[in-house]
Amino acid sequence: GQAQKSGKMLRAGLYARGSTGDQQTVPLQIRALREYAVRRGWTIAMQVKEVGSGASERQLREKLLESARRREIDVVLVWRLDRWGRSVTDLLATLQELEHLGVGFVSLTEALDLTTPAGRAMAGLLAIFAEFEREILRERTRAGLAHARQNGKRLGRPATAAAHAAEIRRLHRAGV
C-alpha cells in the first residue's frame with residue numbers, strides 16, 4: 001500500500017465507537033486499529049474513542065474530521081463502517097469530504113481502503129446505495145403523508161396564533 005506520501009509517513013487518525021451497551025468492544029477496536037496502522041508503517045497522530053447511541057451527535061468524530069480539514073492527519077482508520085456513519089448518506093458525505101481533502105479512509109472489517117483504486121470504486125457503489133436510500137425515504141414520506149390525508153388528518157403547520165386571535169383581542173380589551 002502507499003505507506004509513504006511524498007516521502008513522509010502517513011499520519012493516521014483512529015476512530016473507535018461502541019454503543020452504550022457494548023463499551024467493552026472499544027479497546028478491542030483500538031488495539032486492532034493500532035496494529036493495522038503499525039503494519040502499514042503509519043504514525044498514529046490521533047485516537048478517538050466514542051461511546052453513545054447511534055443517534056447522538058458524534059462530537060468526537062467531528063473532531064477527527066476537523067483534524068482532517070486542518071491536514072493534521074492523512075488517513076482515517078475505523079473498525080467498521082457502521083461505527084463511522086449514521087446512514088449510507090451520512091457515510092458517503094463524510095467519505096466524499098475526506099476524498100476531497102486528499103485524506104485516505106480505511107475500514108478494517110469491510111477491508112475498504114480508499115487509498116487504493118479498488119477502494120475508490122467501492123465508494124462509487126456506496127454513492128448508488130446512498131441515492132437508493134434517499135429515494136426509499138422519499139417514497140416512505142410520500143406514502144405516510146397520503147395515508148394521513150386519507151385518514152382525515154390535517155397536515156402542515158398547526159394554526160397557532162391565528163386560532164387564538166379572538167381570545168387574545170378579548171383579553172387585551174379586558175386589560176390583561
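**Close-up A. Ala111 sits out in the open: it is exposed, with a relative accessible area of 67%.** Exposed here means over 50% relative accessible area, buried means under 20%, and partly exposed is in between (1.4 Å probe, protein chains only). You're looking at a predicted model, where local features need pLDDT of at least 70, side-chain atom pairs count only at pLDDT 80 or more, and totals for chains, interfaces and linings use all residues. Residues are numbered from 1 along each chain as its sequence is written, and side-chain values use heavy atoms, with hydrogens and water left out. Ala111 belongs to the loop between S6 and S7. Helices (H or I, at least four residues) and strands (E, at least two) are DSSP runs, numbered from the N terminus. Ala111 isn't a glycine, yet its phi is positive, at about 50 degrees.

**Close-up B. Arg71 is another residue with a positive phi that is not a glycine, this time about 60 degrees.** Find Arg71 in the loop between H2 and S5. With a relative accessible area of 45%, Arg71 counts as partly exposed.

**Close-up C. Five strands make an open sheet with mixed pairing, in the order S4-S3-S5-S6-S7.** Strand S4 (43-51) and strand S7 (112-113) are the edge strands, each pairing on one side only. Two strands pair if DSSP finds at least two bridges between them. Take strand S3 (residues 11-18): S3 and S4 run parallel, joined by 8 bridges.

**Close-up D. Gly104 is tucked into strand S6, where it counts as buried because its relative accessible area is 9%.** Leaving aside neighbours within four places in sequence, Gly104 is in contact (heavy atoms within 4.5 Å) with Asp74, Val75, Val76 and Thr115. Now look across to Gly124: it is 20 residues from Gly104 in sequence, and their C-alpha atoms are 15 Å apart in space.

**Close-up E. Helix H4 (residues 88-101) has its end C-alpha atoms 20 Å apart, which agrees with the 20 Å that its 14 residues should span at 1.5 Å a residue.** The expected span is 1.5 Å times one less than the number of residues. Which residues of H4 are buried? They are Asp90, Leu91, Leu92, Thr94, Leu95, Leu98 and Leu101. Their cover includes helix H2 (59-69), strand S5 (75-78), helix H3 (81-84), strand S6 (104-107) and helix H5 (117-150). Just after H4 comes Gly102, with a positive phi of about 75 degrees.

Close-up F. The buried residues of H5 are Gly119, Ala123, Leu126, Ala130 and Ala148, and they pack against H4 and S7. Following H5 is Gly152, with a positive phi near 75 degrees.

**Close-up G. Met122, Leu125, Ile128, Phe129, Phe132 and Ile136 make a nonpolar surface patch of about 580 Å².** Patch residues have over 30% relative accessible area and no salt bridge, and nonpolar side chains (Val, Leu, Ile, Met, Phe, Trp, Tyr) are joined within 5 Å, like charges within 9 Å. A salt bridge is a side-chain nitrogen of Lys or Arg within 4 Å of a carboxyl oxygen of Asp or Glu. The areas come from the Shrake-Rupley method with a 1.4 Å probe; for residues, only the protein chains shown count as cover. Is Ile128 buried or exposed? Its relative accessibility is 55%, so Ile128 counts as exposed.
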